[in-house]
Amino acid sequence: MNHQSRHVISLLTGWLFFIIFTPAQAQHSPLQPFGGKIRKTLDSTVQWRPERTKAPKGAPNVVWILLDDVGFGASSAFGGLIETPTFDSLANNGLRYTNFHTTGICSPTRAALLTGRNSHSVGMGHHAELGIGTPGYSGDIPLEAGTIAEIFRENGYNTFALGKWHGNRPIDLTAAGPFNRYPTGRGFDHFYGFLGGATDQWYPDLVEGITPVNLDGNKKHLNELLADKAISYIANQKSAAPDKPFFLYLAPGATHSPHQVAKEWSDRYKGKFDGGWDKYREDVFKRQQALGLIPARVKLPPRQEGIKAWQSLSADEKKVFERFFEVYAGFLSYTDFEIGRIVNYLNQIGQLDNTLIFVIIGDNGGSKEGTYTGTTGGAEGPQGHDIAYLLSQYEKIGTAYTHPNYPLGWSQATNTPFRYWKSDANSEGATHNPLIVFYPKKIREKGGIRTQYAHVIDVLPSTVELAQVKVPATINGYPQLPLHGASFAATIANAAAPAARTVQYYELHGGRAIYKDGWKAAVYHPRGFFGTEGSDPHFTPPPFEKDKWELYNLQEDWNETRNLAAKYPQKLEELKALFDQEATRYNVYPLRNYKAGMAQPVIRNKAVIYQGTTARTKVYVGKGDVTITAAVNIPGREATGVIFSNGGWSTGGTSLYIKDGKLHYTLTDAGREITLSTDKQLSGGEHTIRVKFKGENSVTLFVDDEQVAEAEITKRNKYLGSFGGDGVSLGKDQAVPVTDAYERPFSFTGTVKSIVIEQ
């Protein structure tokens, strides 16, 4: 082969390499042709720079606010008895949308909101952590489904996300990534928040961008941290580029459990709910009617089956149940206050009049995870049936020492005037949430009410239309899937504008519904947990073909109190056929029971966590015996601090630490502590400390292969489950403290070379 031939082959090989290995974005986005003229010297060259994308002139800032687990009748803005003056003000100067719907649960609502597409179509038919190997439930939002942040960034906006994400499979939530589906990989310039479904409000597990946030010494509530950071992002952006608009997505952890708030907020409601959940429902229903928020023909449905009449409760039950709701009410009011700080800041810097704000009060209705009696935490079980125990925790409810959620009676109360609750996709109680739209530039009818049917997928196209930005056909080299949402922007100026949406399906773990032109067919599929189908942990839901469909005319019966299935069987069959059509179109099938088909977490027979680890490392511990070995180096004569920890005092966990020259291993669950200790002094130098769990009921502590302590325990899984949930901290107690025997983080003054977990 001659030199010329080799040169040609080399060029072809290089070109093929470029085509194969160049990212899709580069292939689809060729360089813009140079618009100037190049000469041999700069003096004679005509310089040219391509125009950078800019937002439309006068484009508004956009703020989306999404709360968590808030029923239709909770906030004062929609007739509730919990004071939310910020929401009241935004609604009184904007519009209340009273016929707005979510998907009925966290991750699907967020995926639908952020992409403007039905949740099953973007792989989020349920929570990301419950993903299975089918398109509708993969847990991965496809890159062909661009987010609102990607759209707005392509239109010249800065983009910020704060708070809850809940859009990644657990396998991705480690220090090894991948990070392309984190918020900063999906269009947000900045992210400050938590990646999972919930976090402690006093000791939150936060990341900024992709980096864990060090909150050692922090005394602030998560709501305050989020408001501080939002204001900081806005201040920096407006100082650097005053004419450039921003998009802010604020999703606080509130009011998902744990319901935690300072006593100054919960104590504001002392005695205000002594009439109980029955009176609350009656009072809120009347307020909603007086405010014109619900149709006059609506009737208040009876209590849900299983919920006791308030007057039938014992004095002890009433006392502790009231406290649960006082804390919840304080939590919601405090959340409103911190959001108000952001709104007030926008007003202070002269930006509020040019800001479009959407407030979605709840990604679903009130939660049912609190069981019939409420819970205060604990890894083994909710402790929900023992009123004496709950009373012993009375003063701790809402503090960092508990992980509370209110009883189901309060959940139905906050869902007034609807039936059922979060995750029951068949019901308005799960999917019917308040929406506030505030936009001084466009809204002339201050305090107006809009009754058009709308769904969470409609928020993105409505925002796009109001901000006058364009949805790119390609984002980051990925051709975009069509939007499913329909803009309801026309309703802002015209209260009589027709609803943009006339058909919408719903589905969660087998429960399903279909809406069309005011009619709704729905079927409840038992989930079999949280006490709603009994307390049998082995409850098996019936086959899907045994589920019994119901039919409602929402134009006449807004809150589903009269089942018309027997009266209009033809209409029911028509809607069932429509559900099948929509379910096929949007990847709803196959129907699945809760957690069915999930891949089990990978159990490593041996996991090593190395010195230098700064993030909490998740290790899934199997059911067999477990041995944890820590290799430490003691400087000088002694050391102090935490060698490793996992979990916390409210949800269960363990901590190995040295204090006052003694080695301790504490196991805790909801305030119950067992501590193994030894007086054996650890001299300077290297040592091996080993913790052995034998079966379910025994734990032994060794120092340099010598047994120094032993204890009988109950179900070791309740202490070690957080290894795969919260993760393991090395060299300090990074998250919720395991014990109050020390002050977090109680960093180790020696060196933890590694810990090895074997089973």
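Which residue does the side chain of glutamate 696 meet in a salt bridge? The partner is arginine 716, with 3.6 Å from N to O. This pair links distant parts of the chain, 20 residues apart. Glutamate 696 sits in the loop between β24 and β25 (698–703), while arginine 716 belongs to the loop between β26 (706–712) and α16 (717–720). Please keep in mind as you look around that this is a predicted model.

The two partners differ in their cover. Glutamate 696 is partly exposed, with a relative accessible area of 28%, whereas arginine 716 is buried because its relative accessibility is 0%.

## Other salt bridges

Across the model, the count comes to 38 salt bridges. One of them joins lysine 753 and glutamate 686, whose side chains meet at 2.9 Å, N to O. Lysine 753 has a relative accessible area of 36%, so it counts as partly exposed. Glutamate 686, at 55%, is exposed.

For a bridge inside a helix, turn to arginine 341 and glutamate 338. Their closest N and O atoms are 2.7 Å apart. Both residues lie in helix α9 (residues 315–348), and because they are three residues apart there, about one helical turn separates them. Arginine 341 is partly exposed, with a relative accessible area of 26%, but glutamate 338 is buried, at 5%.

How many of the residues of helix α4 (residues 106–115) are buried? The answer is ten of its ten, which leaves the helix mostly covered. The buried residues of α4 include Cys106, Pro108, Arg110, Leu113 and Leu114. Just after α4 comes glycine 116, and this residue takes a positive phi of about 70 degrees.

Arg110 also brings us back to the salt bridges. Through bridges that share partners, Arg110 is joined with Asp68, Lys164 and Asp363 into one network.

## The setting of valine 703

Valine 703 is found in strand β25. With a relative accessible area of 1%, this valine falls under the 20% limit and is therefore buried.

Which residues does valine 703 contact, once its neighbours within four places in sequence are left aside? They are Leu663, Lys680, Leu682, Thr688 and Val708. Take leucine 682 as an example: valine 703 and leucine 682 are 21 residues apart in sequence, and their C-alpha atoms are 8.6 Å apart in space.

## A positive patch on the surface

Finally, have a look at the surface around Lys441, Lys442, Arg444 and Lys446. These four residues gather there in a patch of positive charge.

Lysine 446, a member of this patch, is placed in the loop between β9 (432–438) and β10 (448–450).

Conventions: Residues are numbered from 1 along each chain as its sequence is written. This is a predicted model: local features need pLDDT of at least 70, side-chain atom pairs count only at pLDDT 80 or more; totals for chains, interfaces and linings use all residues. Side-chain values use heavy atoms; hydrogens and water are left out. Patches are made of residues with over 30% relative accessible area and no salt bridge: like charges are joined within 9 Å, nonpolar side chains (Val, Leu, Ile, Met, Phe, Trp, Tyr) within 5 Å. Accessible areas come from the Shrake-Rupley method with a 1.4 Å probe; for residues, only the protein chains shown count as cover. Lys and Arg count as positive and Asp and Glu as negative; His and the chain ends are not counted. The place of a charge is taken as NZ of Lys, CZ of Arg, CG of Asp or CD of Glu. Helices (H or I, at least four residues) and strands (E, at least two) are DSSP runs, numbered from the N terminus. Buried means under 20% relative accessible area, exposed over 50%, partly exposed in between (1.4 Å probe, protein chains only). Contact means heavy atoms within 4.5 Å.
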